[in-house]
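I opened the model to look up a few local features. My notes are set down in the order in which I checked things.

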Amino acid sequence: MGHTDMRKGMQGLALQVQQGLKRDPHGGDLFVFRGRTGSLIKIIWHDGIGISLHSKRLEKGRFVWPSAKDGIVSLTNAQLSCLLEGID
């Protein structure tokens with residue numbers, strides 16, 4: 001949770017998942033990161049064959065970011081869809 005240095009690519013974000021969150025970046029989960037300004041997010045996902053990086057920048061506004069006590073939030077498909085659309 002919080003903000004991430006958005007200069008990081010796939011390997012840097014995967015390392016952050018592994019070291020910071022103590023999770024397996026190759027386990028098939030989606031990991032979503034938000035930049036300091038809140039207008040850019042990056043998602044890494046390993047599909048069993050390779051890792052992919054997706055990014056989205058809002059032209060106006062900011063992504064609504066959930067809060068968490070332990071640094072991890074699990075989202076449903078519908079919640080992730082709303083997050084990606086910028087819907088609160």
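The entries below cover the sheet, a loop residue, the salt bridges and a pocket.

**Ground rules.** I am working with a predicted model, in which local features need pLDDT of at least 70 and side-chain atom pairs count only at pLDDT 80 or more, while totals for chains, interfaces and linings use all residues. Residues are numbered from 1 along each chain as its sequence is written, and side-chain values use heavy atoms, with hydrogens and water left out.

**Entry 1, sheet.** I looked up the strand order first. I found 3 strands in an open sheet, ordered β1-β2-β3, with antiparallel pairing. β1 (30-34) and β3 (51-57) are at the edges with a single partner strand each, so one side of each has no neighbour in the sheet. On average, neighbouring strands are turned by 20° against each other, direction ignored. For that angle, axes are lines fitted to C-alpha atoms, for helices over the stretch in contact, and angles run from 0 to 180 degrees between N-to-C directions. I take strands (E, at least two residues) and helices (H or I, at least four) as DSSP runs, numbered from the N terminus. Two strands pair if DSSP finds at least two bridges between them.

How many bridges join β2 and β3? I count 7, in the antiparallel sense, with β2 at residues 40-46. W45 has S52 of β3 as its bridge partner, and H46 has I51 of β3.

Most residues other than glycine have a negative phi. K22 is not a glycine, yet its phi is positive, about 60°. K22 is in the loop between α1 (10-20) and β1. With a relative accessible area of 66%, K22 is exposed; on this scale buried means under 20%, exposed over 50%, and partly exposed in between (1.4 Å probe, protein chains only).

I found 2 salt bridges in the structure; the term requires a side-chain nitrogen of Lys or Arg within 4 Å of a carboxyl oxygen of Asp or Glu. One joins the side chains of R7 and D5 at 2.9 Å, N to O. R7 is exposed at 74% relative accessible area, and D5 is partly exposed at 34%. The other joins D29 and R23, at 2.9 Å, N to O. D29 is partly exposed at 36%, and R23 is partly exposed at 32%.

Which residues line the second largest pocket? I list V64, P66, V73, S74, L75, Q79, C82, L83, I87 and D88. By class the lining has 7 nonpolar, 2 polar and 1 charged residues. A pocket here is an open set of points on a 1 Å grid over the protein atoms alone, where a 1.4 Å probe fits, with protein on both sides within 12 Å along at least five of seven lines; lining residues have an atom within 4 Å of a point.

V64 is in the loop between β3 and α2 (77-85). V64 is partly exposed at 31% relative accessibility.

Note on methods: Nonpolar A, V, L, I, M, F, W, Y, C, P; charged D, E, K, R; others polar.
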